[in-house]
Amino acid sequence: MRSSEPRLRPTMAAVALLASVAAAAGIGVPATYGAHVAVDEPQYLLTAESLGSDGDLNIADELDAEEWRTYHRTDLPEQTRALERGRRVSPHDPVLPLLLSPGVRLAGWVGAKLALAGLAGLLAALTLATAVRRCGARVGPAALVVAVFSGSAPLAVYGQQVYPELPAALAVMVAVAALLPPGERLDGRVAERRTGGRDTPISTGAVILAGAMIVVLPWLAVKYVPIAGVLAAAALLRLWWGGRRAAAAGLAGGLLAAGLFYLAAHQALYGGWTVYAAGDHFVRRGELSAVGFAPDYLGRARRLVGLLVDRDFGLAAWQPAWLLAVPALAALGRSALGGGAAKAEPQARFRARLLVGLVAAGWLTATFVALTMHGWWFPGRQVVVILPCGVLAVAVWAGSARRLGLTAALGLIGVGTYAWLLVRGYVGALTWVVGSPEHAGPWRTLWSVLAPDGRSVALRDQALGVVWLLALMLVGWWGARAAGTETATHRTRSRRSGSAR
């Protein structure tokens with residue numbers, strides 16, 4: 001792996017620059033007509049302004065002074081309810097405003113978005129480094145994969161939208177990089193010569209770093225608790241399997257204390273167990289109504305497929321290369337279940353189970369917990385937090401020339417679609433939140449014919465949903481089967497090579 005280091009570092013800098021520029025390019029496109037930031041974004045900015053000027057979360061004076069007028073022409077929708085002593089607290093967790101506060105003080109809303117664009121570059125660089133150093137991907141193919149996903153929607157869009165999605169994705173990738181052991185291949189074909197099949201001990205520093213990210217995630221948004229739970233379980237298992245029982249107990253105790261502090265702090269700051277207690281929308285039915293007043297979980301199950309292929313909010317509608325995550329994750333799933341060479345390599349199983357577990361937790365939360373998939377924000381928001389894990393899977397899966405070519409072809413369609421969005425946005429034809437699909441580019445026009453509308457009960461859309469479900473299952477089966485065949489071929493070649501020596 002060391003031989004790749006000289007090429008890896010400048011390549012990391014290149015993909016970081018590309019991701020930051022792609023994100024920053026979207027700053028000039030309005031969020032809605034008449035507003036550079038909209039919906040929840042002004043609430044985060046008001047809290048960032050209050051933290052910078054007053055050192056607290058109380059935005060009552062910022063609301064009274066209408067400080068939002070510089071980036072939101074129309075009246076700001078009400079989100080907060082009056083608390084004791086006239087206090088007004090935005091119903092959003094405070095870590096994102098805390099991160100953006102220096103940028104807001106320096107350059108207002110533009111400074112906040114530039115700070116997020118910088119984080120987008122850091123995420124791209126870290127994803128590439130993790131793919132190469134922890135998952136055994138080759139530098140060139142991994143760089144191409146990271147570049148096409150970072151330079152297109154939704155990652156590039158949320159690289160400048162004032163939401164916690166991209167910082168949360170960065171926190172997840174930091175934790176993943178800390179928890180994953182070094183390895184040659186993530187799909188089960190890990191070289192035995194380095195560890196002899198034994199687990200590589202995890203350092204105390206890596207445990208602390210992962211623990212810090214686990215604690216931070218709920219403070220970015222409570223919806224990230226399932227993701228934090230998967231990371232916590234992975235950290236505890238690595239320590240336990242490594243015989244470090246005292247360290248595992250210490251980590252468990254620390255996370256428990258952090259959880260209790262989270263609940264106590266929210267009671268004191270927001271008047272409830274979550275930030276939603278401070279929101280005017282949830283006063284009548286309670287903060288848990290953020291999930292929905294009468295959730296139709298059977299109806300929401302359509303999102304399992306729709307999150308990927310829906311005509312409007314599906315990932316493939318904006319970047320078709322996300323379709324390749326299906327065979328890539330299916331190959332991981334085979335290793336996660338102990339198939340192939342992973343039977344003899346615990347590190348490969350751990351890698352696969354961690355990434356598959358994170359994607360599953362994020363996908364299921366977006367499917368059954370999120371109130372809506374197509375709200376007043378750019379599509380894909382609810383799954384951004386786990387998308388870099390999918391990028392890691394595709395980076396390894398696309399190692400062959402044929403797969404890399406397919407990834408590049410589909411990826412360029414997505415990059416072109418994002419460029420089209422930028423152009424149409426700058427000429428005033430659309431905004432990040434509001435815009436007609438016919439202005440979204442040729443790929444979106446074609447996709448609207450092929451994909452179902454998850455919000456429709458029309459027979460055509462229901463039938464298309466079933467067709468796509470069967471197609472994705474078939475592709476997933478092919479991905480898992482191909483991974484098994486490749487593993488068997490690799491084993492045969494390794495035995496022949498050993499016999500020759």
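The lining of the second largest pocket comprises 19 nonpolar, 2 polar and no charged residues, where Ala, Val, Leu, Ile, Met, Phe, Trp, Tyr, Cys and Pro count as nonpolar, Asp, Glu, Lys and Arg as charged, and the others, Gly among them, as polar. The model is predicted, so local features need pLDDT of at least 70 and side-chain atom pairs count only at pLDDT 80 or more, while totals for chains, interfaces and linings use all residues. Residues are numbered from 1 along each chain as its sequence is written, and side-chain values use heavy atoms, with hydrogens and water left out.

The second largest pocket holds about 610 Å³ of space. Of its 21 lining residues, Leu304, Val326, Leu329, Val359 and Trp363 are the closest to the centre. Two or more lining residues come from each of H13, H14, H15, H16 and H19, and H15 gives the most, with 5 residues. Helices here are DSSP runs (H or I, at least four residues; strands, E, at least two), numbered from the N terminus. Pockets and cavities were located on a 1 Å grid over the protein atoms alone: a cavity is a set of points where a 1.4 Å probe fits but cannot get out, a pocket is an open set with protein on both sides within 12 Å along at least five of seven lines, and lining residues have an atom within 4 Å of a point. Grid points are joined across faces, edges and corners, and a volume is the space filled by probe spheres set on the points.

The structure also contains 4 cavities of 30 Å³ or more. The largest cavity has about 100 Å³ of space and 13 lining residues, with Ala120, Leu123, Ala124, Ser150 and Leu155 nearest its centre. Helix H4 (95-133), helix H5 (139-150), helix H6 (155-158) and H16 each supply at least two residues of this lining, and the largest share, 4 residues, comes from H4. By class, the lining of the largest cavity has 11 nonpolar, 2 polar and no charged residues. The second largest cavity, with about 50 Å³ of space, is lined by Leu307, Phe313, Met373, Trp377, Gly380, Arg381, Gln382 and Val383. This lining divides into 5 nonpolar, 2 polar and 1 charged.

Helix H16 (residues 387-397) is largely enclosed by the rest of the structure, because 11 of its 11 residues are buried. Buried means under 20% relative accessible area, exposed over 50% and partly exposed in between (1.4 Å probe, protein chains only). Among the buried residues of H16 are Leu387, Pro388, Cys389 and Trp397.

A total of 9 salt bridges is found, each a side-chain nitrogen of Lys or Arg within 4 Å of a carboxyl oxygen of Asp or Glu. Glu165 and Arg381 form one of these, at 2.9 Å from N to O. Glu165 lies in helix H7 (165-179) and Arg381 in the loop between helix H15 (346-368) and H16, 216 residues apart. Glu165 is buried at 1% relative accessibility, and Arg381 is buried at 7%. Asp453 and Arg311 also meet in a salt bridge, again 2.9 Å from N to O. Asp453 is in the loop between helix H18 (442-450) and helix H19 (459-500) and Arg311 in the loop between helix H13 (303-309) and helix H14 (325-336), so the pair ties together parts that are 142 residues apart in sequence. Asp453 is buried, at 11% relative accessible area, whereas Arg311 is partly exposed, at 24%. A further salt bridge joins Arg460 and Asp461, with the closest N and O atoms 3.5 Å apart. Shared partners join Arg311, Asp312, Arg444, Asp453 and Arg455 into one salt-bridge network.

The structure holds 11 aromatic pairs, in which rings of Phe, Tyr and Trp (its six-membered ring) have centres within 6.5 Å; planes under 30 degrees apart count as stacked, over 60 as edge-to-face and the rest as tilted. Trp397 and Trp478 are edge-to-face, at 6.3 Å centre to centre and 80° between the planes. The two lie in helix H16 and helix H19, respectively, 81 residues apart. Trp397 is buried, with a relative accessible area of 8%, while Trp478 is partly exposed at 41%. The pair of Trp447 and Trp468 is tilted, because the ring centres are 5.3 Å apart and the planes at 50°.
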